[in-house]
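Have the viewer at hand and take the points in order.

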Amino acid sequence: MIYLDYQATTPLALEVHDAMAHWLSPAGSANPHSAHVSGRGARAAVEVAREQVSALLPPGGKLWFTSGATEAANWALRGVGQGGIVTLPTEHACVRDTALWLGQRGHDVAFLPVDTDGLVTTTAIPDGTRIVAAMLVNNEIGVVQPIADLADAAHRAGALFFCDAVQGLGRVAIPAACDLIAISAHKIYGPKGIGALWVRDGLDLEPLMLGGGQEGGVRSGTVSPALCAGFGAAAALMATDDHTHVERLWTRALAQLPDWQVNGARDRRYHGNLNVRRDGLDAARLISDVRSVAFSAGSACASGSGRPSHVLTAIGLTDAQARSSIRLGFGRGTTAADIDEALSLITAATDRQRP
């Protein structure tokens, strides 16, 4: 199987597996919130991981581990109190659906428009806005939003700024102006089931989950040393990630798709994400026909809904064009030979669909 679905999840790095191994064994099974020697050892591993992950984020904030970026985004949007929410129509479902849910409960919700490249067209923030939320790197089309400009506009309006940096962590610089940042381990070669919310110093959030308050008194639940150690090891890997390798793969892939249209901006984009369409293509059938290549027709979170991608329709594509689009994602484990073989199979199967 050739794996080209890096936006859905990245393959677990061997270094991450090794970092987790002890904490998954009987010898490493202590609760990190226990006061005995074994518990303190587990706690130390959690804190080392916290430092490793924090090294990829701006200074001047605290990092709280969560079950994933979905929890982190919910916490950020629901924890800042009453007020207006401004976001983009191309946001991940964990932000978009949370904003809409809050809109049903008395919060004003507004969406800033995006252009055909998927980039925001205005940074005008309405009065009364409590928080502005925007994704650094879009999970479906890979475009990089002007996060620093949006954060500055939010602050001028007296609002906070939340950034979903899941797809950009370790790949694209995260502006220091953010107040809240959500991240996830499994998008950077780490384990599933753990993410984090970075909170700027001086900002207090209402807890999303109540209980023992294990994470700094603000997030309850027993923290997993194994998952934390894996997250930390993955973050350390991303600090030395080879961006040149991804650029070469992007150029190689594009050269083999001359008859395809790229969805979203080509330049203001993370080039490990290639979302393309060929009019008249049945993307769902293509995925079924090319079973030796793992790729997608959009976000894994909405893959079973039957609806066209809300991201692709937001940038002006028709439902038919959205359904004729595929997303190819690649990274550190992808080879040039993988690209060549996968695109040979994909283009051949696409040609078989043509009348």
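**Notes on the helices, sheets and rings**

1. Let's begin with a helix pair. Ala69, Thr70, Ala73, Asn74, Leu77 and Arg78 in α3 meet Cys94, Val95, Thr98, Ala99, Trp101 and Leu102 in α4. By type, the residues of this contact divide into eight nonpolar, three polar and one charged. Bear in mind throughout that this is a predicted model.

2. Now for the geometry of that pair. Two packed helices are described by the angle between their axes and the distance between the axes. Here helix α3 covers residues 69-78 and helix α4 residues 93-103; they pack at an angle of about 35°, and their axes are 9 Å apart. The crossing of α3 and α4 is right-handed.

3. Next, the seven-strand sheet. This sheet is open, its pairing is mixed, and the strands come in the order β2-β8-β7-β6-β5-β3-β4. Which strands stand at the edges? They are β2 and β4 (109-111), and each has a single partner strand, so one side of each is left without a neighbour in the sheet. From one strand to the next, the twist averages 20°.

4. Have a look at β7 (residues 180-184) inside that sheet. Five of its five residues are buried, so β7 is largely enclosed by the rest of the structure. In a regular strand the side chains alternate between the two faces of the sheet. In β7 both faces are covered: Leu180, Ala182 and Ser184 are buried on one side, and Ile181 and Ile183 are buried on the other.

5. Who pairs with β7, and in what sense? Strand β6 (residues 160-164) runs parallel to β7, with three bridges between them, and Asp164 stands opposite Ala182 in β7. Strand β8 (residues 195-200) runs antiparallel to β7 and is joined to it by five bridges. Ser184 has Gly195 in β8 as its bridge partner.

6. If you want a residue pair to check by eye, Ala133 stands opposite Phe162 in β6. There is also a helix to find on this sheet: α2 (residues 37-54) lies across β2 and β7, running at about 120° to β2.

7. There is another sheet to look at. It is an open one of three strands in the order β9-β10-β12, and the pairing is antiparallel. The edges belong to β9 (261-262) and β12 (325-329); each has a single partner strand, so one side of each is left without a neighbour in the sheet. Strand β10 (residues 273-277) pairs with β12 in the antiparallel sense over five bridges, and Leu274 stands opposite Leu328 in β12.

8. While you are there, click on Asn273, which is found in strand β10. Is Asn273 buried or exposed? Its relative accessible area is 0%, so Asn273 is buried. Leaving aside neighbours within four places in sequence, Asn273 is in contact with Gln7, Asn138, Asn139, Glu140, Ile141, Gly142, Trp250, Arg327 and Leu328.

9. On to the aromatic rings. A pair of aromatic rings is described by the distance of the centres and the angle of the planes. How many aromatic pairs does the count come to? The count comes to three. In one of these pairs, the rings of Tyr3 and Tyr6 have their centres 5.6 Å apart and their planes at 50°, so the pair is tilted. Tyr3 counts as partly exposed because its relative accessibility is 26%, whereas Tyr6, at 5%, counts as buried. Ring pairs link Tyr3, Tyr6 and Tyr189 into a cluster.

10. Last, a ring pair between Phe65 and Phe231. Their centres are 6.2 Å apart and their planes are at 55°, so the pair is tilted. This pair links distant parts of the chain: Phe65 sits in strand β2 (residues 61-66) and Phe231 in helix α6 (residues 225-238), 166 residues apart. With a relative accessibility of 2%, Phe65 counts as buried, and Phe231, at 0%, counts as buried too.

Technical notes:
Residues are numbered from 1 along each chain as its sequence is written. This is a predicted model: local features need pLDDT of at least 70, side-chain atom pairs count only at pLDDT 80 or more; totals for chains, interfaces and linings use all residues. Side-chain values use heavy atoms; hydrogens and water are left out. Two strands pair if DSSP finds at least two bridges between them. Helices (H or I, at least four residues) and strands (E, at least two) are DSSP runs, numbered from the N terminus. Buried means under 20% relative accessible area, exposed over 50%, partly exposed in between (1.4 Å probe, protein chains only). Axes are lines fitted to C-alpha atoms, for helices over the stretch in contact, and angles run from 0 to 180 degrees between N-to-C directions. A crossing is left-handed if the near helix is turned anticlockwise from the far one by less than a right angle, and right-handed if clockwise. Contact means heavy atoms within 4.5 Å. Ala, Val, Leu, Ile, Met, Phe, Trp, Tyr, Cys and Pro count as nonpolar, Asp, Glu, Lys and Arg as charged, and the others, Gly among them, as polar. Rings of Phe, Tyr and Trp (its six-membered ring) pair if their centres lie within 6.5 Å; planes under 30 degrees apart count as stacked, over 60 as edge-to-face and the rest as tilted.
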